[in-house]
Amino acid sequence: MQKDSVQWQVEVDKKDIAYIVSIFEGYDDLAVVRTLDPSRGLIELMISPDFLEDARQLTNALSKEIPFHIIWVQKFFAQGGRESLNLRVFTYLSPSAVNL
């Protein structure tokens, strides 16, 4: 069983949250979308490392349609460790630039 995961916190326009959720629901098991703060348009994508490249491609395509800014990345390992990368210093970060 895969227990590693990658979480991306993303800022989007709050009006786009339902659209993003529906897009990811259409791709079974690609990522789980969780709304953290709907008033700020803050969502979290929980991604299996097996689907990280697919998630990058989808978010890159979405970022061409709607404002989509990854602001924080965290990777959890099955052994209980974690690795974080705070991306708040980047105003507009392309999802393809995320290397975690």
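The legends below describe several close-up views of one predicted model. Residues are numbered from 1 along each chain as its sequence is written, and side-chain values use heavy atoms, with hydrogens and water left out. Because the model is predicted, local features need pLDDT of at least 70 and side-chain atom pairs count only at pLDDT 80 or more, while totals for chains, interfaces and linings use all residues.

View 1. The protein has 2 helices and 5 strands, where helices (H or I, at least four residues) and strands (E, at least two) are DSSP runs numbered from the N terminus. Of the 100 residues, 40% count as buried, a word used here for under 20% relative accessible area, with exposed meaning over 50% and partly exposed lying in between (1.4 Å probe, protein chains only).

**View 2. The largest nonpolar core.** A nonpolar core is a set of buried Ala, Val, Leu, Ile, Met, Phe, Trp, Tyr and Cys residues joined through side-chain atoms within 4.5 Å. The largest one has 21 residues, and those with the most contacts inside it are Trp8, Val10, Phe24, Leu45, Ile47 and Phe68. Two or more residues of this core come from each of β1 (5-12), α1 (17-26), β2 (31-37), β3 (42-47), α2 (52-65) and β4 (68-76).

**View 3. The packing of α1 and α2.** These helices pack at an angle of about 150°, with their axes 12 Å apart; axes are lines fitted to C-alpha atoms, for helices over the stretch in contact, and angles run from 0 to 180 degrees between N-to-C directions. α1 and α2 are therefore roughly antiparallel to each other, since angles over 145 degrees count as roughly antiparallel, under 35 as roughly parallel, 65 to 115 as roughly perpendicular and the rest as oblique. The contact (heavy atoms within 4.5 Å) is made by Tyr19, Ile23 and Phe24 of α1 together with Leu58, Thr59, Leu62 and Glu65 of α2.

**View 4. Trp72 in strand β4.** Trp72 is buried, with a relative accessible area of 19%. The C-alpha atoms of Trp72 and Trp8 are separated by 5.7 Å, although these residues are 64 residues apart along the chain.

**View 5. Val32 in strand β2.** Val32 is partly exposed, with a relative accessible area of 48%. Not counting residues up to four places away in sequence, Val32 touches Glu44, Leu45 and Met46.
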